[in-house]
Amino acid sequence: MPSEVFTVYWKDVDGRQHRDVQHVPLKDAASAVERLCKGPAAQMGVTKEVLMTDGLDLTCFKWVEGEVVFPEGGYDKPE
């Protein structure tokens, strides 16, 4: 699996993990991350954690309860 594709997971209030998108380009993964971190579910406290991995299953982004914890210093939104 090439590293140019990404998968986005999220955890709910009960700690269950869900896969939102799988093996998508960066633009689509970033859109899913933004929706999960800032959308209605996050505003209501339903989304507790968001994780984006690359095609090699390496962590590219992690958000926990309103804070970006990886990468340090946040991230730049892709064009």
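Analyst: Gladly! Among contacts in the protein with a separation of 6 or more, 38% are between residues 24 or more positions apart; contact means heavy atoms within 4.5 Å. This is a predicted model, where local features need pLDDT of at least 70 and side-chain atom pairs 80 or more, while totals for chains, interfaces and linings use all residues. Residues are numbered from 1 along each chain as its sequence is written, and side-chain values use heavy atoms, without hydrogens and water.

User: What makes residues 26-38 a helix, H1?

Analyst: Helices are DSSP runs of H or I with at least four residues, strands are E runs of at least two, and both are numbered from the N terminus. H1 has 13 residues. Its span from first to last C-alpha is 18 Å, close to the 18 Å expected, which is 1.5 Å times one less than the number of residues.

User: Which residues of H1 are called buried?

Analyst: Buried means under 20% relative accessible area, exposed over 50%, and partly exposed in between (1.4 Å probe, protein chains only). Ala29, Ala30, Ala32, Val33, Leu36 and Cys37 are the buried ones in H1.

User: Why are they said to line one face of H1?

Analyst: Seen down the axis, the buried residues of H1 fall within an arc of 160 degrees, so they line one face. That arc uses the directions from the helix axis to the C-beta atoms. Lys27 and Lys38, on the other side of H1, are exposed.

User: What covers the buried residues of H1?

Analyst: The cover includes strands S1 (6-11), S2 (17-24), S3 (49-54) and S4 (59-64), along with helix H2 (40-43).
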